[in-house]
Each structure stands twice: as C-alpha cells, then as structure tokens.
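Hello,

Please find the structure below, with the sequence. My notes on what turned up follow it.

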Amino acid sequence: PVDQKPPDPSKKTLVVLGSGWGSVSLLKKIDTENYNVVVVSPRNFFLFTPLLPSCTTGTIEHRSIMEPLRNILRHKTASVTFYEAECTKVDPVNRVLTLRDNSEIKGDIAETSLPFDYLVIGVGAQNTTFGIPGVQENACFLKEIADAQKIRTRIMDCIETATFKDQTDEERKRLLHMVVVGGGPTGVEFAGELQDFFEEDLRKWVPEIADDFHVSLVEALPNVLPMFSKQLINYTEKTFKDEKINIHTKTMVKKVDEKTIFAEVTKPDGTKDMIEMPYGLLVWATGNAPRPVVRDLMSKIPDQAKARRGLEVNDYLVVNGTEGIWALGDCAATKYAPTAQVATQQGQYLARLFNTMAKTQALEEDIAHLEELGHATASPDDKKAIATEIEAKAKTLRRSKRLMPFQYTHQGSLAYIGSDKAIADLTFGDGNNLTSSGQMTYLFWRSAYVSMCFSTRNKMLVIMDWLKVKMFGRDVSRE
Ligand code: FAD
Ligand code: NAD
C-alpha cells in the first residue's frame with residue numbers, strides 16, 4: 001500500500017456507484033489525486049462473474065473469485081472513501097444521492113444523503129423475469145455470490161430429499177429434475193457445470209440417484225447461444241446431447257409454480273402446445289432488466305422517456321438529459337451486449353476522461369494565472385516569454401480537449417459447455433474471426449480466465465480449487 005493522501009473536500013466530489021466490472025476498471029485507472037472520490041456499493045468486493053457458474057457446484061469456492069474493494073482502493077495515491085450501501089435514489093437536479101444501509105447490522109443511521117459534483121453509475125442490472133407468474137417466488141437466479149450459494153445448497157437439498165426413506169418414485173423423479181430456463185451463456189454454462197457435478201461426483205457419492213438425475217435446458221428461440229456462430233451452436237447442442245442434457249428449444253415458459261413449469265412449445269408445423277415440466281431445482285437465466293434505482297432515475301429525465309433496457313448515454317457515456325452524470329456497464333443501454341468486456345473498456349475510457357478533465361482544468365487555471373502575470377508585468381521581454389508559455393499550454397489544452405468518443409474493441413466470446421469442453425469465437429486485430437471448440441479450447445478458456453482473475457491471490461485460489469477437485473472431487477455437504 002502507498003502512503004495515501006487524505007480525501008480533500010476542496011476538490012470536486014466524484015461518486016462512483018457499484019463495485020463491479022465497470023466501476024472497478026474505472027477505479028483502477030483513475031488518478032484519485034484530482035477528485036474527492038467516493039464509492040458506494042452494497043457489496044464491499046469485486047466479483048469475477050465468469051467463474052460464478054463454477055461456484056454453484058463447488059468446482060470453485062466462492063471466496064476465490066471475490067476481491068475486497070478495500071484492497072483495490074488502498075493502492076490509490078489519494079485515499080478513496082467507501083460506503084457499503086445501496087443507492088436508492090439519484091436526484092439529478094439537486095445533485096444528491098439517497099443511500100441506504102441494507103446489510104443485516106444497522107447503526108443509528110440506516111439512510112442518509114450524499115451530494116455529488118460528478119456521478120458515475122455502474123450499478124449493473126438485475127435478472128429479468130418478464131413478469132412471468134411464479135418465477136420470482138420459486139426460481140433461483142445466478143448473478144451474485146449468494147445466488148450461487150443458494151443453488152449449491154438447493155442441489156444437495158433436492159438430492160437428500162429425493163433419497164429420503166420411502167420417498168415416492170414420482171416425487172424422487174421431480175426432485176432430481178434440474179431445469180435451467182434461458183439458453184444464453186449463463187444458462188448453458190450452469191447446465192454444463194451441473195452435469196459435470198453429476199457425472200464426476202454425484203454418480204459416485206449418491207449412486208441411487210443415477211437413473212433419475214436429469215438436467216434440462218429450456219430456450220424460447222430455435223437454438224441456444226444466439227450470440228455465437230452457427231458452427232459453435234451446433235457443437236454445443238451436440239455436446240449437450242452426448243452429455244445427456246435435454247435441450248428444449250422453441251419452448252417458452254409461461255408460468256411457474258412451486259413444483260411445475262408450464263411452457264408453450266412451438267411444434268415443427270408451427271402449431272403450439274402447452275407442456276408441464278415437474279422440477280426440483282429451477283435456475284432462471286433469461287437476461288437483464290434495469291435495477292429500481294436506474295428505473296427511478298429514467299422516470300425523472302424526460303430525455304430517457306423511451307429508454308427501456310437501461311440509461312441511454314451519448315458517445316461519451318454521459319447519461320442523456322443530464323450534465324456530469326455518466327453510466328457504464330449493464331445499467332447503460334448501448335449498442336453493445338451487456339458483458340464484462342464492454343463494462344471494463346467503458347471503465348478504462350471514463351478513467352482517461354476524468355484524468356484528462358483534471359489536466360484540462362489545471363491547464364486552464366495555469367493559463368488564466370499567466371495571463372494575469374502578463375497584464376501585470378511592464379517588461380516587454382517578460383511579456384514575450386509569458387506569451388510563448390501561454391501558447392505552449394494552449395496547444396496542450398487543445399490537444400487534451402480533443403477527446404474521442406468511446407469505442408469498443410471486441411476480443412471475442414468464450415463459454416464453458418461441460419465435460420471439459422469450451423467454445424470460443426475470437427476476434428483478431430483487423431476483425432478476423434477464429435472459432436474453436438473442444439478440450440484444447442477448454443484449456444485456453446481456463447488459462448484466459450485465470451489470467452483475467454483480479455489478483456495473484458485470486459489466480460492461486462482458483463488454480464488450487466481446480467486441483468483440489470481433480471484430487472478429491474467436489475464437496476457434497478449441504479451448507
Ligand atoms: P456488475 O459487475 O454487476 O456490478 C454492479 C455493481 O453495482 C455491484 O457491485 C453491485 O453490488 C452494485 N450495485 C447494485 N445496486 C446498487 C445500488 N443501488 N447502488 C450502488 N451500487 C449498486 N461477461 C463477459 O464478458 N464474459 C463472461 O464470461 C461473463 N460471464 C458471466 C457469467 C455470469 C454467471 C454472469 C451473471 C454474467 C457474466 N458476464 C460475462 C456478464 C458480466 O458479468 C456483466 O456484463 C458485468 O458484470 C457488468 O458489469 P457492471 O459493472 O455493469 O455490473
Ligand atoms: P441472455 O440474454 O444472453 O440469454 C437469455 C436467453 O433466455 C435468451 O436466449 C432468451 O431467448 C431466453 N428466454 C427469455 N425468456 C424466456 C422464456 N420465457 N422461456 C425460455 N427462454 C427464454 O442472458 P444471460 O445468459 O443471462 O446473459 C446475460 C449477459 O451476460 C449477456 O450479454 C451475455 O453475453 C453475458 N454473459 C456472457 C458470458 C460469457 O461470455 N461466457 C457468460 C454469462 C453471461
């Protein structure tokens with residue numbers, strides 16, 4: 001850690017909401033000496049989401065992919081204030097935020113306000129349910145650490161209940177039917193991890209479930225993983241078939257109750273049929289919806305009247321209809337997919353923007369000061385020297401004001417699909433594409449994700465988890 005300068009209230013206050021991919025990438029690169037930086041997030045850590053599906057089965061232990069935010073912030077040259085709280089309201093006119101401490105332990109103050117000069121909103125998104133009845137009450141989701149822990153517990157609970165003395169056949173089959181709704185990368189990766197768990201460990205530890213344990217993936221569209229190339233979609237669907245994961249495409253879930261999923265299937269002749277699917281575990285992964293704080297802010301800004309997916313921003317990530325408020329990552333509606341890759345690049349871009357803004361301000365102040373000096377001095381030589389210096393600074397100022405709009409560089413997509421296989425759609429320098437799949441791609445997937453882990457500690461823990469599972473299998477205790 002460096003010897004940090006304390007926060008300086010005389011500087012402009014920059015509040016950063018969130019501690020996810022977008023906000024942390026901004027915090028890593030921003031020069032905190034230029035602003036009084038305050039971070040607000042209900043989560044006091046950064047979460048490496050690409051390995052979250054592996055936490056649902058214990059392939060990776062959850063703490064291996066968490067990095068304490070305090071650890072990230074203590075390396076900044078000027079100290080950053082952190083509040084573990086949820087921002088519940090943004091007042092863009094009076095430039096003030098409402099913060100609420102939503103953790104279990106509360107002090108005398110559970111709600112307060114925080115004024116800001118500049119605001120960066122990086123609160124991510126929540127899971128969408130499309131208002132489908134019964135989903136919120138009965139399904140598990142997969143976005144946060146707590147979601148992965150809940151799934152891990154439920155898998156084992158279903159198994160232990162299914163093997164309870166005198167359990168009926170019908171009930172055992174239901175409890176051992178694990179259904180994933182949504183054939184995007186989250187659903188596919190989770191289904192692959194769950195089938196691995198069954199094949200590699202559960203089959204051995206609880207052999208009595210071997211005939212009845214099934215994983216099903218339900219997708220409304222004609223195929224899974226619409227963002228990958230046709231070749232990789234076919235490869236994934238074939239791999240799932242070989243792994244005995246049931247894929248139900250053209251199947252749209254319409255209702256869920258405590259034990260059954262009701263879905264509409266489009267048959268090859270175009271007619272529709274309603275089916276019922278009894279389930280023990282339901283994991284819902286049908287994409288993103290804006291968080292309440294974002295929806296509330298959207299409703300306050302006339303320019304956001306047409307926004308649906310999130311805050312609409314301009315090419316510089318400024319929230320349309322506001323001044324000094326930026327949005328990045330999953331909470332912003334842009335032409336890019338809501339991915340960690342996009343959020344990271346947006347964070348780096350905003351850090352550059354804030355560093356440049358500070359430099360510009362300093363140059364403007366210098367120029368104003370030199371101009372005053374120039375007026376005050378009587379000596380023609382001094383006047384000339386000052387004019388030369390002003391011209392040099394003005395040139396630097398013009399250059400630093402020429403900030404380019406945000407531009408995203410897509411490096412490709414990777415996904416794990418189970419049985420030590422992965423798929424990759426990679427993009428190189430001049431837009432060339434390479435698709436690859438299989439076990440070599442899985443090794444690439446592993447090395448790519450380890451190298452992307454936040455810290456050396458995270459990298460070591462993830463590698464140790466993989467080795468541990470290889471040597472001893474996954475832990476089947478129910479927490
Ligand atoms: P997040 O990373 O979700 O961070 C949001 C932050 O805001 C969190 O710290 C949260 O606690 C905080 N917050 C929430 N509400 C509030 C509030 N009211 N006030 C203040 N703070 C708040 N993308 C890829 O590119 N590659 C992958 O392999 C990949 N795998 C994924 C696997 C899974 C299981 C999931 C769920 C997503 C995956 N993604 C992947 C997508 C990626 O995780 C998201 O696009 C990314 O997290 C978006 O970053 P963000 O900063 O916008 O939001
Ligand atoms: P998604 O939006 O990518 O996919 C959701 C899927 O659910 C869609 O295919 C949709 O047709 C389907 N669906 C919606 N309603 C349905 C219904 N009622 N019944 C059946 N199916 C229904 O969502 P995701 O997988 O959660 O991913 C969210 C974002 O995170 C995406 O941008 C994704 O690229 C990113 N992500 C990336 C990775 C990776 O790169 N490996 C992993 C996870 C997530």
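Between domain 1 and domain 2 of this predicted model, 16 residue pairs are in polar contact across the interface, both residues of each pair being at pLDDT 80 or more. On the side of domain 1 that touches domain 2, at least two residues each come from α1 (21-29), β3 (45-47), α2 (52-55), β4 (66-68) and α10 (340-376). Of these elements, α2 gives the largest share, with four residues.

The salt bridges between domain 1 and domain 2 number four. A salt bridge also links arginine 457 and glutamate 67, with 3.4 Å between the closest N and O atoms.

As for the division itself, domain 1 is made up of 13-125 + 290-359, and domain 2 of 135-288 + 409-472. In the contact, domain 1 takes part with 34 residues and domain 2 with 33 residues. The C-alpha centres of the two domains are 29 Å apart.

The area buried between domain 1 and domain 2 is about 3000 Å², and carbon and sulfur atoms account for 58% of it. Of the area that domain 1 buries against domain 2, 20% is supplied by Thr56, Thr57 and Ser64, more than by any other three residues.

One helix to look at separately is α5, residues 145-162. Its 18 residues span 26 Å from first C-alpha to last, close to the 26 Å expected at 1.5 Å a residue. Buried residues in α5 include Ile145, Ala148, Ile151, Ile155, Met156, Ile159 and Ala162. Asp147, Arg152 and Cys158 of α5 are buried as well.

Regards

Technical notes: Residues numbered from 1 in each chain as written. Chains lettered and ligands numbered in written order. Predicted model: local features only at pLDDT ≥ 70, side-chain atom pairs only at ≥ 80, totals over all residues. Heavy atoms only, no water. Expected span 1.5 Å × (residues − 1). Buried < 20%, exposed > 50% of the residue type's maximum accessible area, 1.4 Å probe, protein only. Domains from an automatic or database assignment. Contact = heavy atoms within 4.5 Å. Buried area = accessible area lost by both parts, 1.4 Å probe. Salt bridge = Lys/Arg side-chain N within 4 Å of Asp/Glu carboxyl O. Polar contact = N/O pair within 3.5 Å; in protein donor to acceptor, adjacent residues only side chain to side chain.
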